[in-house]
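Thanks for coming, everyone. I'd like to walk you through one chain today, piece by piece. Please have a look at it first.

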Amino acid sequence: MVRADRQRKSDGAGPSNAAEYEVGSRVSCRATFDGQYHVVDVIERKQDLRSSKWRYYVHYLEFDKRLDEWVAQERLASITKVASVDALHRVASGGGGGSGDLGQLASDQKMTRRLKRQYTEIHHVPAALEELPPIDQHLEKEHQEKTKVKNIQSVELGKHELDTWYYSPYPEPHASCNKLYICEYTLKYFRKKKTLLRHLAKCTLRHPPGDEIYRSPPAPANDPSLVGGAITNPPISMFEVDGKKSKVYCQNLCLLSKLFLDHKTLYYDVDPFLFYVMCEKDTQGWVNAAPGQYFATATPARPAASAAGWAAHGFYHIVGYFSKEKASAEGNNLACILTLPPYQRKGYGRFLIAFSYELSKKEGRVGSPERPLSDLGAVSYRSYWTREILEVLREHKASLSIKDISDKTAIRTDDVVKTLESLSLIKYWKGDHIISVTQKIVEDHCKTIANQKNIEIDLNRLHWTPYRQEPPSKKG
């Protein structure tokens, strides 16, 4: 439903060439991320009381919801005028990039159930709403309605200002703020920069409130610039934080992570979970100084001796985390995983996944992540499983069973099977899955992943024992 914008004479405003669009309209929008016009749905709108112009919250049908944004009225146009023919065809064939490609695939060759399943797994195509069970459809509709409009547009965390991706249920009045200021050590959130600075002037915490269970090894003294293997620059540390002991920190971590994860549902019930927080360590810290200034020298708010002391001990800047249930009935070794946007594409996501499996090995069991995975999480897991399985096959000359691979990697057997299927290294014969591979094929696959960023884990520097549930205290 589109109606021409009427000339506003009563308030002195001149005529407008822009059109007004109702919620639910499908139009074209000039996107911020590439400057091109794309097909969008109008999700919400609001009117500026001063200019009487409308602003629209739009969803780009070809892209993930993380790119949804508020746009000015002038950036919208009729779908028939501007949208490209290719974009219209993609939307008509299924809505998103994955679904459209799937439709094209179906037209090129016979679409069997097995082929469709393999395609959706490899390309991480989400299940359509109508394909979900009835109870899940209801929950998904509720989730979509509640989170359809991103409430907080950006956050300032340490030296980074991050554009958010999704809705997060911060309490009011913080939920209505366009921007939040977050302490990177306690993850407390504030509406104003000056309130954050007052908090930092008093805050004594410079790392997550838990036990440091891993620290990457230092570079050798004869080559201090060396980076590779388990050696990183800056060095990284892992902290184990108990949701029951540090409830407020873990709740704040969940609220922060929800800004970058669409289907995360854990907010306040953090007691049954352990959180493994990854940090970069350096000698630069946030103190009560000019906006955006990062240093560890003396300031009026922090005397020289104190500043030098903090610099000597280091500042730990949160990079990402994963959580896991203390006792998972499904045998999951990971509940939620996130690498913050400024630290993505550095190998940190794969490191977090590898770390969760190293903990599983110490527990003496196989593990798997809780579903559903985000699109980025699915990509990271597929990459990790592929590398680990190929390395095991190469080491043992490809003469292993699926159970052998699972035992050596702690990857659950169905994840092993799906990964081998995606690589076309497995056959189904007389009711059993049989690995069909030669050493040359393994070597060829290994060459395709040789350039991936990979941070190794020095197991000699991992100091951790499996969590043991405390028995209930006896009264009386």
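Let's start with one serine. Ser168 touches Asn151, Leu255, Lys258 and Leu259, leaving aside residues up to four places away in sequence. Keep in mind that this is a predicted model. Where does Ser168 sit? Its place is in the loop between strand E9, residues 160-163, and strand E10, residues 179-182. Is Ser168 buried or exposed? Ser168 is buried, because its relative accessible area is 0% and the cut-off for buried is under 20%. Now look along the chain. Ser168 and Leu256 are 88 residues apart in sequence, yet their C-alpha atoms are separated by 7.6 Å.

That brings up the whole chain. Of the contacts with a separation of 6 or more, 61% are between residues 24 or more positions apart. The chain has 476 residues, and 47% of them are buried. How many helices and strands are there? The chain holds 13 helices and 20 strands.

Next, the open sheet. Five strands make it up, in the order E12-E13-E14-E15-E17, and the pairing is antiparallel. Which strands are at the edges? They are E12, residues 211-215, and E17, residues 336-339, and each pairs on one side only. On average, neighbouring strands of this sheet are turned by 25 degrees against each other, ignoring direction.

Zoom in on one pair there. Strand E15, residues 315-325, is joined to E17 by four bridges, in the antiparallel sense. Tyr321 has Leu338 in E17 as its bridge partner.

Two helices go with this sheet. Helix H9, residues 348-363, packs on the sheet and touches E12, E13, E14, E15 and E17. The direction of H9 makes about 50 degrees with that of E15. Then there is helix H7, residues 247-258. H7 lies across strand E13 (236-242), strand E14 (273-282), E15 and E17. Relative to E14, H7 runs at about 75 degrees.

Strand E5 covers residues 54-60. E4 and E5 run antiparallel, joined by seven bridges. They form a hairpin with six residues between them. In that turn, Ser52 has a positive phi of about 65 degrees. The other partner is strand E6, residues 69-72, which pairs with E5 over four bridges, again antiparallel.

Lys46 stands opposite Arg55. In E6, the bridge partner of Arg55 is Ala72. One general point while we are on strands. In a regular strand, side chains alternate between the two faces of the sheet.

I'll take them pair by pair.

Start with H10, residues 375-395, and H11. They pack at about 115 degrees, with axes 10 Å apart. H10 and H11 are therefore roughly perpendicular to each other. The crossing is right-handed. From H10, the contact uses Glu388, Ile389, Val392 and Leu393; from H11, it uses Ile405, Lys408 and Thr409. By class, that gives four nonpolar residues, one polar and two charged.

Next, H11, residues 402-409, with H12, residues 413-422. Their angle is about 115 degrees and their axes are 9 Å apart. That puts H11 roughly perpendicular to H12. Their crossing is right-handed. Which residues meet here? Ile402, Ile405 and Ser406 of H11 meet Thr413, Val416, Val417 and Leu420 of H12. This contact has five nonpolar residues, two polar and no charged ones.

Finally, H10 with H12. Their axes come within 10 Å and cross at roughly 85 degrees. H10 and H12 are therefore roughly perpendicular to each other. H10 brings Arg382, Trp385, Thr386, Ile389 and Leu393 to the contact. H12 brings Asp415, Val416, Lys418, Thr419, Leu420 and Ser422. The classes here are five nonpolar, three polar and three charged.

Notes:
Residues are numbered from 1 along each chain as its sequence is written. This is a predicted model: local features need pLDDT of at least 70, side-chain atom pairs count only at pLDDT 80 or more; totals for chains, interfaces and linings use all residues. Side-chain values use heavy atoms; hydrogens and water are left out. Buried means under 20% relative accessible area, exposed over 50%, partly exposed in between (1.4 Å probe, protein chains only). Two strands pair if DSSP finds at least two bridges between them. Axes are lines fitted to C-alpha atoms, for helices over the stretch in contact, and angles run from 0 to 180 degrees between N-to-C directions. Angles under 35 degrees count as roughly parallel, over 145 as roughly antiparallel, 65 to 115 as roughly perpendicular and the rest as oblique. A crossing is left-handed if the near helix is turned anticlockwise from the far one by less than a right angle, and right-handed if clockwise. Contact means heavy atoms within 4.5 Å. Ala, Val, Leu, Ile, Met, Phe, Trp, Tyr, Cys and Pro count as nonpolar, Asp, Glu, Lys and Arg as charged, and the others, Gly among them, as polar.
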